[in-house]
Amino acid sequence: MQIKLDDLSTPLTYFTMTQAVLPRPIAWILSENDDASFNLAPFSYFNAICSDPPLVMVSIGLQENGSEKDSLRNIKQRSQFVIHIASCDQLPELNQSSATLPPGESEVLANNLQTTPVEGFHMPRLSDCKIALMCERYQIQTIGNSNQQSLLFGEIREIYVDDSCVEINDQGRLKILADQVRPLARLGASQFASFGDVLVVQRPA
Ligand SMILES: Cc1cc2nc3c(=O)[nH]c(=O)nc-3n(C[C@H](O)[C@H](O)[C@H](O)COP(=O)(O)O)c2cc1C
């Protein structure tokens, strides 16, 4: 089957694209509300895109009523935010945190999640996530026609990895153990993927 996107409406394009780009990592983003409570939401238009400076990118759309999502508004106002890599067993809380709560109402409190302070960084991280990327807003660009997306570029200042997921090899090189992190991935529609096998191959010369 060959699918021509020109023939599809925007919602169908989204539906088709997100079932074809598989699997996608999920940025579980903690940002600070105006009243200093914390906002939490998942975004799977997400990836690492540059090492110097160390940048990630998240594409944030508008709410159904056309207004800005709380995460984007918060990060425009206060530069710091924290991206978490959720484990497979955190799917219920992650999914629940995508509910649209009134601005200022915290998905962290609503889901009984705990936070832990991060030394040298204003924002805390979610206590139960194995990986957290402490980020600062680097740039925001707007793209799109009918459905505007904000491309949020975040510069990673610091990375937290739970000690149970780290190994230092004989050469003193740090290795993050993906099978201990067991990252949750997003598929199309309401499907997610759990972590599979780690395959190791050497790069060709
Ligand atoms: C797994 C998952 C991935 C999502 N990915 C995105 C995304 O990449 N971009 C986006 O704008 N919304 C995405 N959403 C929807 C947002 O999480 C949702 O709009 C949320 O309410 C935004 O929260 P906020 O207004 O507190 O920022 C996703 C939802 C789920 C469950």
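View 1. The model is a predicted one, in which local features need pLDDT of at least 70 and side-chain atom pairs count only at pLDDT 80 or more, while totals for chains, interfaces and linings use all residues. Residue numbers start from 1 along each chain as its sequence is written. Within this pair, arginine 186 has phenylalanine 192 of strand 14 as its bridge partner. The open sheet consists of 3 strands in the order 1-13-14, with antiparallel pairing. Strand 1 (24-25) and strand 14 (192-193) are the edge strands, each with a single partner, so one side of each is left without a neighbour in the sheet.

**View 2. The shell of residues around the ligand.** Of the 17 residues around the ligand, those that come nearest are Ala41, Tyr45, Lys69, Asp70 and Ser71; a residue is counted as near when its C-beta atom, placed from the backbone, lies within 6 Å of the molecule. At least two residues of the shell are supplied by each of strand 3 (38-43), strand 5 (54-60) and helix 2 (70-77), and strand 3 gives the most, with 4 residues. By class, the shell has 6 nonpolar, 8 polar and 3 charged residues, where Ala, Val, Leu, Ile, Met, Phe, Trp, Tyr, Cys and Pro count as nonpolar, Asp, Glu, Lys and Arg as charged, and the others, Gly among them, as polar.

**View 3. The hairpin of strand 2 and strand 3.** These two strands pair in the antiparallel sense over 6 bridges, and serine 31 has asparagine 39 of strand 3 as its bridge partner. The hairpin has 5 residues between its strands, and alanine 36, in the turn, has a positive phi of about 75 degrees although it is not a glycine. With 8 C-beta neighbours inside 10 Å, alanine 36 counts as exposed, whereas 5 of the 6 residues of strand 3 are buried, so strand 3 is largely enclosed by the rest of the structure. A residue is called buried if 20 or more other C-beta atoms lie within 10 Å of its own, exposed if 12 or fewer do, and partly exposed in between, with C-beta atoms placed from the backbone.

**View 4. Helix 2 and the residues that cover it.** The buried residues of helix 2 are Asp70, Ser71, Leu72, Asn74 and Ile75, and what covers them includes strand 2 (27-32), strand 3, strand 5, strand 6 (80-85), strand 9 (131-143) and strand 10 (149-161). Leucine 152 lies in strand 10 and is buried, with 26 other C-beta atoms within 10 Å. Not counting residues up to four places away in sequence, leucine 152 touches Met57, Val58, Ile60, Leu72, Ile75 and Ile140, a contact being a pair of C-beta atoms, placed from the backbone, within 7 Å. Leucine 152 and isoleucine 75 are 77 residues apart in sequence, and their C-alpha atoms are 8.9 Å apart in space.

**View 5. Serine 59 in strand 5.** Serine 59 belongs to strand 5 and is partly exposed, with 16 other C-beta atoms within 10 Å. Leaving aside residues up to four places away in sequence, serine 59 touches Tyr45, Gln149 and Leu151. Its C-alpha atom is separated by 14 Å from that of lysine 76, which is 17 residues away along the chain.

**View 6. The largest nonpolar core.** This core has 32 residues, and those with the most contacts inside it are Ala27, Trp28, Ile29, Val82 and Ile83; a nonpolar core is a set of buried Ala, Val, Leu, Ile, Met, Phe, Trp, Tyr and Cys residues joined through C-beta atoms within 7 Å. Its largest share, 5 residues, comes from strand 9. Valine 82 touches Leu30, Met123, Arg125, Ala132, Leu133, Met134 and Cys135, not counting residues up to four places away in sequence.

View 7. Most residues other than glycine have a negative phi, and most peptide bonds are trans. A cis peptide bond, with omega about -20 degrees, joins leucine 22 and proline 23, the latter placed in the loop between helix 1 (10-20) and strand 1. The peptide bond from aspartate 52 to proline 53 is also cis, with omega near 5 degrees, and proline 53 lies in the loop between strand 4 (46-51) and strand 5. Asparagine 112, although not a glycine, has a positive phi of about 55 degrees; this residue is found in the loop between helix 4 (107-110) and strand 7 (115-116).

Key: Two strands pair if DSSP finds at least two bridges between them. Two residues are in contact if their C-beta atoms, placed from the backbone, lie within 7 Å.
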